[in-house]
There are 2 protein chains.
Amino acid sequence: MIYRVNLTVTPLENVKLPMLSSKVIKYLIASGQFLSELKELVLSEQKYKQIFISNLEMDGRRLLNYYKEIRANTVLKGFISFSHESLSPTFFSNNYNMFKTPYGKFYVNVSRVDIMDIRELNTEIEKNINKNIKITFKTPLILSPKLLLPPSLKEKFKKVSNIITTFPPPGLIVAYAYNLYCSTFGKKYIEEKEFKLATLVNGLTVVTGYNLRPLTVEIGKSKYRKERKTRGMVGWMEFDTHYEKLKKKIMKYLLISSYLGLGRSRGIGLGEIMVDFISQDKKTNSLSHISL
Amino acid sequence: MIYRVNLTVTPLENVKLPMLSSKVIKYLIASGQFLSELKELVLSEQKYKQIFISNLEMDGRRLLNYYKEIRANTVLKGFISFSHESLSPTFFSNNYNMFKTPYGKFYVNVSRVDIMDIRELNTEIEKNINKNIKITFKTPLILSPKLLLPPSLKEKFKKVSNIITTFPPPGLIVAYAYNLYCSTFGKKYIEEKEFKLATLVNGLTVVTGYNLRPLTVEIGKSKYRKERKTRGMVGWMEFDTHYEKLKKKIMKYLLISSYLGLGRSRGIGLGEIMVDFISQDKKTNSLSHISL
């Protein structure tokens with residue numbers, strides 16, 4: 001099962017949020033004060049870990065590069081998503097309380113829990129198979145293009161490290177989602193399968209519309225007070241894949257990522273996405289290309 | 001040699017331009033009235049043909065979806081690019097004149113001829129090897145993602161035809177430019193080489209900035225007065241590729257395309273691009289990604 005625990009987070013005094021604002025919820029769990037069963041997962045250094053901690057939201061917007069003070073009693077929203085096989089019966093027992101953090105005092109309350117049952121995904125997929133897939137990137141998506149290299153060349157380009165693209169093609173997005181899917185459900189990750197998947201998605205996917213832009217975010221200060229930044233993509237992209245068998249897989253992997261996010265730094269709320277299925281617009285689809 | 005023949009095109013009466021406005025220049029050549037040595041190339045149905053006919057420009061903008069009347073004596077700009085091994089000495093002899101077309105009377109004048117010597121490309125490339133590559137898409141780029149499929153799967157997906165993506169990853173752009181390069185210089189096109197090239201470019205390229213959007217253009221009416229439209233991408237994209245040997249190839253292929261365009265319908269002025277090399281901004285490049 002995958003859970004999304006929706007929270008309201010209310011500062012009880014005027015506070016200055018950390019960069020990123022997700023660190024408030026992260027601190028609560030990491031310090032063992034809140035949903036302590038997740039502490040280990042939050043602190044884990046595992047690459048495709050099955051947890052997502054959102055940034056805090058005010059007036060419908062995630063607070064990323066936010067320098068201003070938040071006034072006491074402002075209701076902020078956030079969520080934690082994770083996959084778990086068997087939560088203890090007392091998991092949600094301590095589900096509202098007042099907490100002290102290095103960023104100030106907060107009242108935190110579980111407002112709703114969404115549960116995704118992987119066994120019900122197929123119904124959702126069948127129902128929407130003729131629609132376009134729309135991904136909304138609510139916070140910057142941080143992806144290395146190197147995930148698109150064939151297994152045979154990964155060793156050769158090992159020294160090319162830490163490269164991030166702000167224009168990830170659909171195949172790169174799906175390759176990441178496949179990795180996360182394998183890690184979440186303990187499926188065997190196969191490098192060749194990932195490469196073939198990414199290549200096919202790139203070769204058979206038509207992006208029909210988008211509104212995307214690169215965005216730089218500050219993710220805190222290092223020990224030496226040097227600013228640390230990263231740069232990713234926000235906005236939305238709508239597409240269709242012209243191979244039903246492949247499209248079903250894409251839908252499955254992306255639905256998992258609609259809970260657990262995409263790309264790096266999901267543990268601090270980057271790569272938050274929404275996935276929607278959109279009826280194909282007759283007008284757009286009739287645009288055929290005629291060579292002149 | 002690759003030539004770009006820059007023209008001024010001045011209507012001698014009020015005219016309504018065709019969709020697309022490139023058809024004025026195309027008509028002049030196809031009817032044998034102007035630069036008649038190019039007639040055969042203009043009429044050829046060859047896929048990667050080495051000619052580009054631009055749309056007409058007014059006030060710095062290419063006229064695409066343009067319904068209004070153009071007033072007499074408005075100076076419009078345009079160009080024809082092509083590769084040719086040995087132009088006849090009289091090629092430019094009839095280089096200004098008044099012409100009748102189905103769209104009205106025009107005075108056409110060759111204002112400047114730019115010549116690209118392929119042998120001098122390497123100097124240009126060496127000089128700019130440490131810079132980012134910036135492509136400006138002046139008119140919609142029309143590309144099928146299928147160029148990214150591995151040769152072994154092209155047959156299987158043969159029936160998936162006429163699909164166009166508005167979000168072409170760098171590898172797709174470079175794959176097309178490679179095809180055009182082979183066709184232009186009579187080099188042997190190798191499918192496996194194209195696939196490896198596209199895959200490596202996608203895997204090692206970091207897009208650092210962009211401002212792109214999909215754009216639908218009307219490309220005329222069919223016999224049955226049905227509108228014909230196509231949809232591509234306009235804007236700009238800046239990127240770097242982290243493998244020098246590969247980057248040199250990319251630069252070479254794209255410089256050819258800066259004369260001859262990219263993608264489908266270059267013969268009517270779609271896929272017009274500009275290529276610039278931009279000093280890498282220290283600020284942008286210091287953005288390293290740190291996992292938290």
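Student: Is Lys154(A) buried, partly exposed or exposed?

Tutor: Buried means under 20% relative accessible area, exposed over 50%, and partly exposed in between (1.4 Å probe, protein chains only). At 21% relative accessibility, Lys154(A) is therefore partly exposed. Keep in mind that this is a predicted model, where local features need pLDDT of at least 70, side-chain atom pairs count only at pLDDT 80 or more, and totals for chains, interfaces and linings use all residues. Residues are numbered from 1 along each chain as its sequence is written, chains are lettered from A and ligands numbered from 1 in the order in which they are written, and side-chain values use heavy atoms, with hydrogens and water left out.

Student: Which residues does Lys154(A) touch?

Tutor: Contact means heavy atoms within 4.5 Å. Not counting residues up to four places away in sequence, Lys154(A) touches Lys146(A), Leu147(A), Leu149(A), Tyr189(A), Glu191(A) and Glu194(A).

Student: And how do I read two packed helices?

Tutor: Two packed helices are described by the angle between their axes and the distance between the axes. Here α6(A) (residues 191–204) and α7(A) (residues 244–260) pack at about 110 degrees, with axes 11 Å apart. Axes are lines fitted to C-alpha atoms, for helices over the stretch in contact, and angles run from 0 to 180 degrees between N-to-C directions. Helices are DSSP runs (H or I, at least four residues), numbered from the N terminus. Angles of 65 to 115 degrees count as roughly perpendicular, so α6(A) and α7(A) are roughly perpendicular to each other.

Student: Which residues of α6(A) and α7(A) meet?

Tutor: Leu197(A), Leu200(A), Val201(A) and Leu204(A) in α6(A) meet Leu246(A), Ile250(A) and Tyr253(A) in α7(A).

Definitions and conventions
Helix = DSSP H or I, 4+ residues; strand = E, 2+ residues; numbered from the N terminus. Parallel < 35°, antiparallel > 145°, perpendicular 65-115°, else oblique.
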